[in-house]
Amino acid sequence: MLAHLWKFFSAVYEALRYSVYGSLGFFCRILPSPIRSYLFTRGESDDIESRGGPITRNDSATVAKNQTLETSEDQAILPDGIPNPVIYEPRLGETLSQGSTSLIVRLKPGVVVKCPRYSWWHSGTVDTTSFVKDIKHSFEVEEQLFDILGTHPRIIRYIGTSEEPRGLLFDEASDGNLQAYIDQHNDDIDLNLRLKWCRQAAEAVYYIHQKGVIHSDLRPDNFLLHSSSKSKLDILLCDFGGSTNGADIDGGHLPDSGFFNPCKPWVSTEAVDIFSLGSVFYTIMTGHWPYKSPGPFRSVVESNEYEERVDTLFASEEYPLVDHLTGGAVIQGCWKDRYSDMASLIRDQNLSFGPGLLAMDMA
């Protein structure tokens, strides 16, 4: 049954994605989540970077938190929906974590490789298997975009490509991803550290926008934390497989519910990233997503219910109260389209945090 559904929805995907969503955006966002996922997700990635355990030495808790979602939702589609996928199982190095489309392997201390879960170079059906083609495209997009981005202190450092195991090489972040860290340590995170993360997240997005790159999937899972001899728990932005750069490079992704404005067109723009940042800042400052209780989802049903609830509220321009939060005006400004670009957001952020807090941030 799922196989037939997959083929049917793939056939009508392109036609419906723009014509239906463009005219009935809110209706599409409030469809039941499984149907909406098939119809309207633009190549939505669920690789390990998207699912909360990228490039990290300490990701076991994160993998555990996503196990229910992977097993129940992603893995159930694969046997019937993908003809003859060739599973890729690299034998070199320690596998740190894995999702339904990629895995992270440590090659040596401080260096990891992001590998595809399915081998497109061995799959005889790759030309007709959209799922495997999407994985291949995601890796190609990420490689191209890291060549454009170069190096920056707020972006995970890309080293190059690897042939065996096949994949993309990165520096290894020392402290996992931001979402997992908040889930585990929220009560111990002081205000200055939260403000530093907000500021560094803004710096990362400002930089990529200067390079013409739109991330298109900003959320706490896609920010890593790294401690060096000079500083503690600095933000590093990662996972560019769904990102865009002009008309030539398009990873085909958009943010998840809670980080996307369902009233807006289904198109990647700088405004999409800025809206998402509002929810990232909110999560950093409160310890949970907008309209969500702290901690990971306990089931697919709970995740789907959250998506429908937050989409309905955001579509009505109902956002959580932020007046009590330091930087709350900036969060509200992101959600309410106050900022035309990242430069104006950062100016407001600097004013909101105040010189005393910024000085402590810089220390």
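Helix α7 spans residues 178–185, and its buried members are Leu178, Gln179, Ala180, Tyr181 and Ile182. Buried here stands for under 20% relative accessible area, exposed for over 50%, and partly exposed for anything in between, with a 1.4 Å probe and protein chains only. Helices (H or I, at least four residues) and strands (E, at least two) are DSSP runs, numbered from the N terminus. At the N-terminal end of α7 sits a cap: a side-chain oxygen of Asn177 lies 2.9 Å from the backbone nitrogen of Gln179. That pair falls under the heading of polar contacts, meaning N or O atoms within 3.5 Å; within protein, one must be able to donate a hydrogen and the other to accept it, and residues adjacent in sequence count only if both atoms are side-chain atoms.

The model is predicted, so to speak of local features takes a pLDDT of at least 70 and side-chain atom pairs count only at pLDDT 80 or more, while totals for chains, interfaces and linings use all residues. Residues are numbered from 1 along each chain as its sequence is written, and side-chain values use heavy atoms, with hydrogens and water left out.

Taken as a whole, the protein has 12 helices and 10 strands. Of its 363 residues, 57% are buried. It exposes about 15700 Å², with carbon and sulfur atoms supplying 54% of that; the areas come from the Shrake-Rupley method with a 1.4 Å probe, and for residues only the protein chains shown count as cover. As for contacts (heavy atoms within 4.5 Å), 69% of those between residues at least 6 apart in sequence join residues at least 24 apart.

Now for the sheet. Five strands form an open sheet in the order β1-β2-β3-β5-β4, with antiparallel pairing. The edges are β1 (94–98) and β4 (158–163), each of which pairs on one side only. From one strand to the next, the twist averages 30°. Two strands pair if DSSP finds at least two bridges between them; β1 and β2 (residues 102–108) run antiparallel and are joined by 4 bridges. Across that pairing, Glu94 stands opposite Arg106 in β2. Helix α6 (residues 130–149) packs on the sheet and touches β2, β3 (111–116), β4 and β5 (166–171), its direction making about 40° with that of β5. Axes are lines fitted to C-alpha atoms, for helices over the stretch in contact, and angles run from 0 to 180 degrees between N-to-C directions.

The peptide bond from Glu164 to Pro165 is cis, with omega near 0°, and Pro165 belongs to the loop between β4 and β5. Leu233 is not a glycine, yet has a positive phi of about 50°; its place is the loop between β7 (223–226) and β8 (234–237), and at 10% relative accessibility it counts as buried. Asp239 also has a positive phi, near 65°. This aspartate, Asp239, is in the loop between β8 and β9 (244–245) and is buried, with a relative accessible area of 4%.

Finally, the cysteines. The structure holds 0 disulfides, a disulfide being a pair of cysteine sulfur atoms within 2.5 Å. For Cys334, the closest cysteine sulfur is that of Cys198, 9.7 Å away and therefore too far for a bond. Cys334 is buried at 1% relative accessibility, whereas Cys263 is partly exposed at 44%.
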